[in-house]
Amino acid sequence: LYLDQPLEEGQEVPATPGQAHYLGGVMRRAPGDAVLLFNGSDGEWAGRIVLLRKDRCSIIPERQIRPQDPAPACRLLMAAVKRDAMDWMAEKATELGIGLIQPVLTRRSITDRVNTARLGGIAQEAAEQCGRLTVPRVAAVAPLHAVLDAWDGTPLLVGDERRESPPLAVAARALQPGVPWAWLVGPEGGFERAELDDLRRRAFVSTTSLGPRILRAETAALAGLAVLQALAGDGN
Ligand code: SAM
């Protein structure tokens, strides 16, 4: 369970009303039951529920059982796509160890409405489910060119479905261990030619292929992250 509170031995901490409902109504937990806790900075704790009502819950951390993991340095830049696909990408990217999710607007984005609070909630639940001790940050949606203009030089690998780029696995093997990386996937309609040209002009960008088939944006996001995690780790 993620708690946005300092975790210290014996110091009772409140859970949110939503978490109270989840623990009591969904998980059928009761006062006295054990729960695992993390807050993104104090490691993982074994705790015990001391109070559980319909919309109120408090928990006492009893002992730390894992030290804190560092936040992953790798990032996912995902073009704004339909809500269900965004939700799914946020969940799967969290499971695959991403550190930052940056929604971007591209020329063919069919929406500019991205509910980052909702994506943050999905990322938190996915972090709880998969046992990681950090929740990825979800940045405010921004135009792709603005994100690129402010870029810090981290290698940015871009999914190109036009069969014009070398395989992602080749580019991923060339990344230095322990060096951050980022993965960018376009929207349902793909990147415009001018956008790809602009990306290729930037020294930190490598356009890459995931094979001869055109993948849905969410499939490409997930497949790319799996390749990058396997070959380059989480960027720390
Ligand atoms: N509009 C395009 C078309 O029909 O030709 C398809 C765009 S695809 C649904 C969305 C995004 O997924 C692309 O912009 C790209 O970033 C990524 N993608 C899809 N297939 C890919 C592949 N085989 N290799 C690399 N990236 C891919």
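## Overall layout

The protein chain holds 7 helices and 11 strands. Keep in mind as you look around that this is a predicted model. Of the 236 residues in the protein chain, 39% are buried.The protein chain is divided into domain 1, spanning 13-66, and domain 2, spanning 75-232. The C-alpha centres of domain 1 and domain 2 lie 33 Å apart. If you take contacts in the protein chain between residues at least 6 apart in sequence, 76% of them join residues at least 24 apart.

## Where two helices meet

Two packed helices are described by the angle between their axes and the distance between the axes. For α2 and α3, the axes come within 8 Å and cross at roughly 35°. The crossing of α2 past α3 is right-handed.

Which residues make up this meeting of α2 and α3? On the α2 side you will find M86, D87, A90, E91, T94 and E95. Their partners in α3 are L119, I122, A123, A126, A127 and C130. Sorted by class, the contact of α2 with α3 has 8 nonpolar, 1 polar and 3 charged residues.

## Around the ligand

The ligand is surrounded by 18 residues. The closest are G159, E161, G186, G190 and A220. By class, the shell around the ligand comes to 7 nonpolar, 6 polar and 5 charged residues.

Is P166 exposed or partly exposed? P166 counts as partly exposed because 13 other C-beta atoms lie within 10 Å. Leaving aside residues up to four places away in sequence, P166 touches A171, T208 and S209. The C-alpha atoms of P166 and V227 are separated by 14 Å, and these residues are 61 apart along the chain.

R163 is exposed, because it has 9 C-beta neighbours inside 10 Å. Its backbone also deserves a glance: phi of R163 is near 60°, a positive value in a residue other than glycine. Most residues other than glycine have a negative phi.

## Another positive phi, and a helix residue

R28 also has a positive phi, of about 55°, although it is not a glycine. You can find R28 in the loop between α1 (17-26) and β2 (34-38). Why does R28 count as exposed? The reason is that 8 other C-beta atoms lie within 10 Å of R28, and a residue is exposed if that count is 12 or fewer.

Finally, turn to A230, which is found in helix α7, residues 217-232. With 11 other C-beta atoms within 10 Å, A230 is exposed as well. A230 and A169 are 61 residues apart along the chain, and their C-alpha atoms are separated by 9.5 Å.

Terms used:
Residues numbered from 1 in each chain as written. Predicted model: local features only at pLDDT ≥ 70, side-chain atom pairs only at ≥ 80, totals over all residues. Axes fitted to C-alpha atoms, helices over the stretch in contact; angles between N-to-C directions. Helix = DSSP H or I, 4+ residues; strand = E, 2+ residues; numbered from the N terminus. Left-handed = near helix turned anticlockwise from the far one by under 90°. Contact = placed C-beta atoms within 7 Å. Nonpolar A, V, L, I, M, F, W, Y, C, P; charged D, E, K, R; others polar. Near = placed C-beta within 6 Å. Buried ≥ 20, exposed ≤ 12 C-beta atoms within 10 Å, placed from the backbone. Domains from an automatic or database assignment.
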